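Let's take a friendly walk through a protein model together. Have a look at the picture first, and then read on.

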Amino acid sequence: MTVERSTAPPAAPPVPGGAAAVSLTDARLAYGDRVLWDGLDLDVRPGEFLAVLGPNGSGKTSLMRVLLGLQKLSGGTVNVAGEPPGKGNRRIGYIPQQRALDPTLALRGRDLVGLGYDGHRWGLGVRGIRERRRRVDEALAAVGATGFANRPVGLLSGGEQQRLRVAQALVGDPTVLLCDEPLLSLDLAHQRAVSTLIDARRRAADTAVLFVTHEINPVLPLVDRILYLVDGHFRIGLPEEVMTSETLSQLYGADVAVVRVRGQIHVVGAHSDLCEDNPHHHLAEH
Ligand SMILES: Nc1ncnc2c1ncn2[C@@H]1O[C@H](COP(=O)(O)OP(=O)(O)OP(=O)(O)O)[C@@H](O)[C@H]1O
């Protein structure tokens, strides 16, 4: 399989005097002889919003797992918030891909969010407990979850559970926020609320955001750069560099047209393997 290195010029200006929040150098991930990506050089600067796009199975979640320390690279190096990724890295906030929680789970919403604040330590002391409550309440309010914070999480709707996951990821003041399709199962109003919240967080606290999504349009105004993965190939660049007919046709190895309508991007492909379930991909079979 041929593997492509990004040819797009690095769009993000170097961080003056500061280290990258996420840094991958000559990174490779392969399962057996299946190469997901190779030669991946990527520095995400503090405060940057990087959208990670690509069809099913292109390795987006695997990239998140590498950054979380759950998956080893097959080659190259990775650093997150200045250190090699490890399971207990407190500087990472993670919003996992939506999965319904066990309906019998007795945990309340506010307990789930609290795990993001101090799931790793015990014995906070009275002042600590007060501060914890304040922070958890603040995070719950920010995602509009105060009204159902005391209900068992297993009985909440998918969208309500997802808002709690967002609060859990943000309550620990992360340096790096990893989001794996966080808008799935949210209605439009809550999609907007959650993306606004994530955007506000990175602006206020310089949190780097890596945002896996199948649907670029809801976050397009927030995106600084795009990492687009397709079957072992990738491109990194500004949205206007990556989301072009020429670049995507090269990446997919097929005739792909990128159409912009009223500020939205639509991708029209020639092959059904161009990920049919992607809302921004409209298929035109020949
Ligand atoms: N531990 C593993 N061992 C072997 N293959 C794996 C492993 N984890 C993932 N894969 C395979 O690697 C490919 C990439 O998976 P990944 O979940 O990263 O894709 P994705 O881009 O997030 O896909 P989707 O859009 O469907 O969520 C898939 O074909 C998957 O089956």
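This is a predicted model: local features need pLDDT of at least 70, side-chain atom pairs count only at pLDDT 80 or more; totals for chains, interfaces and linings use all residues.

How do the residues of the shell around the ligand divide into nonpolar, polar and charged?

## The shell around the ligand

The shell has 2 nonpolar, 7 polar and 1 charged residues. Here Ala, Val, Leu, Ile, Met, Phe, Trp, Tyr, Cys and Pro count as nonpolar, Asp, Glu, Lys and Arg as charged, and the others, Gly among them, as polar. You can find the shell yourself: Tyr31, Leu36, Gly54, Asn56, Gly57, Ser58, Gly59, Lys60, Thr61 and Ser62 surround the ligand.

Residues are numbered from 1 along each chain as its sequence is written.

## The chain as a whole

The protein chain contains 7 helices and 12 strands. Helices (H or I, at least four residues) and strands (E, at least two) are DSSP runs, numbered from the N terminus. Of its 286 residues, 40% count as buried. A residue is buried if 20 or more other C-beta atoms lie within 10 Å of its own, exposed if 12 or fewer, and partly exposed in between, with C-beta atoms placed from the backbone.

Contacts tell us how the chain folds back on itself. Among contacts between residues at least 6 apart in sequence, 64% join residues at least 24 apart; two residues are in contact if their C-beta atoms, placed from the backbone, lie within 7 Å.

## A sheet of three strands

Three strands form an open sheet in the order E2-E1-E4, with antiparallel pairing. The edge strands are E2 and E4, each of which pairs on one side only. From one strand to the next, the twist averages 25 degrees, an angle taken between the N-to-C directions of axes fitted to C-alpha atoms, on a scale from 0 to 180 degrees. Two strands count as a pair if DSSP finds at least two bridges between them. In general, strands of a sheet pair through backbone hydrogen bonds, either parallel or antiparallel.

Strand E1 (residues 22-31) is joined to strand E2 (residues 34-44) by 7 bridges, and tyrosine 31 stands opposite arginine 34. Tyrosine 31 also belongs to the surroundings of the ligand. E1 and E2 make a hairpin with 2 residues between them, and glycine 32 in the turn has a positive phi of about 60 degrees. Turning to the other partner of E1, 5 bridges link E1 to strand E4 (residues 75-80). In that pairing, valine 22 faces valine 80, while arginine 28 faces glycine 75.

## A hairpin in the open

Strand E10 (residues 257-261) and strand E11 (residues 264-269) run antiparallel and share 5 bridges. Valine 259 stands opposite histidine 266, and valine 261 stands opposite glutamine 264. Between the two strands of this hairpin are 2 residues, and arginine 262 takes a positive phi near 45 degrees.

Why does E10 lie largely in the open? Of the 5 residues of E10, the number buried is 0, so E10 lies largely in the open.

An automatic or database domain assignment provides the domain bounds: domain 1 (1-8 + 17-91 + 174-238) and domain 2 (102-173). Their centres, taken over C-alpha atoms, are 25 Å apart. The contact takes 14 residues from domain 1 and 13 residues from domain 2. On the domain 1 side, helix H5 (residues 188-205) gives the most, with 6 residues. By class, that side has 8 nonpolar, 3 polar and 3 charged residues.

Arginine 201 has its place in helix H5. Is arginine 201 buried or exposed? Arginine 201 is buried, because 21 other C-beta atoms lie within 10 Å. Leaving aside neighbours within four places in sequence, arginine 201 is in contact with Leu170, Leu177 and Thr207.

Methods
A residue is near a molecule or strand if its C-beta atom, placed from the backbone, lies within 6 Å of it.
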